[in-house]
Amino acid sequence: MKRAHPGCLRATVAANIRRYRKALGVSQQVFAYDIEMDRTYFGGIERGERNVSIDNIERIATGLKISAHLLLMQPESLAVEAES
């Protein structure tokens, strides 16, 4: 059965990508260029409109200089991990 709406994980990934990108102080356009991804496609990922592939999650994480699993974690999980 096909789902009519995106899952919660997509919103989590989108929010994490945006937070980490902004922490780097880089615009969507510059970041997308740096990771060799179309700006409009990257914007769709960051807004949670696109169902991003594992390969692109890896590419984005590499550009953000973080481990890919951090993009999949709920914000409260990230706070606990940062305290450890």
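Predicted model: local features only at pLDDT ≥ 70, side-chain atom pairs only at ≥ 80, totals over all residues.
Residues are numbered from 1 along each chain as its sequence is written, and side-chain values use heavy atoms, with hydrogens and water left out.

Helices are DSSP runs (H or I, at least four residues), numbered from the N terminus, and α4 spans residues 54-64. A residue is called buried under 20% relative accessible area, exposed over 50% and partly exposed in between, with a 1.4 Å probe and protein chains only. In α4 the buried residues are Asn56, Ile57, Ile60, Ala61, Gly63 and Leu64. These residues lie on the same side of α4 because they cover an arc of only 160° around the axis, the arc being that of the directions from the helix axis to the C-beta atoms. An α-helix has 3.6 residues a turn, so residues three or four places apart point the same way. The face turned away from the buried side of α4 carries the exposed residues Ile54, Asp55 and Thr62. After α4 comes Lys65, with a positive phi near 65°.

What do the buried residues of α4 pack against? They pack against α1, α2 (28-34) and α3. Contact here means heavy atoms within 4.5 Å. Leaving aside neighbours within four places in sequence, Leu64 is in contact with Ile17, Tyr20, Arg21, Leu24, Phe31 and Leu71. Asn56 of α4 is buried, at a relative accessible area of 13%; not counting residues up to four places away in sequence, Asn56 touches Met37 and Tyr41.

A nonpolar core is a set of buried Ala, Val, Leu, Ile, Met, Phe, Trp, Tyr and Cys residues joined through side-chain atoms within 4.5 Å. The largest such core has 18 residues, of which Ile17, Phe42, Ile60, Leu64, Ile66 and Leu71 touch the most other members. Helices α1, α2, α3 and α4 each supply at least two residues of this core, and the largest share, 4 residues, comes from α4.

Aromatic rings of Phe, Tyr and Trp (its six-membered ring) pair if their centres lie within 6.5 Å; planes under 30 degrees apart count as stacked, over 60 as edge-to-face and the rest as tilted. By this rule there is 1 aromatic pair. The rings of Phe31 and Phe42 have centres 5.2 Å apart and planes at 50°, so the pair is tilted. Phe31 belongs to helix α2 and Phe42 to helix α3, 11 residues apart. Phe31 is buried at 3% relative accessible area, and Phe42 is buried at 0%.

The structure also holds 3 salt bridges, each a side-chain nitrogen of Lys or Arg within 4 Å of a carboxyl oxygen of Asp or Glu. Arg18 and Glu46 form one of them (3.2 Å, N to O), linking α1 (residues 8-24) to α3 (residues 39-46) across 28 residues. Arg18 is partly exposed at 31%, whereas Glu46 is buried at 3%. Glu46 also meets Arg21 in a salt bridge (2.7 Å, N to O); Arg21 lies in α1, 25 residues from Glu46, and both are buried. Glu49 forms a salt bridge with Arg47, the closest N and O atoms being 3.1 Å apart; Arg47 is partly exposed at 46% relative accessibility.
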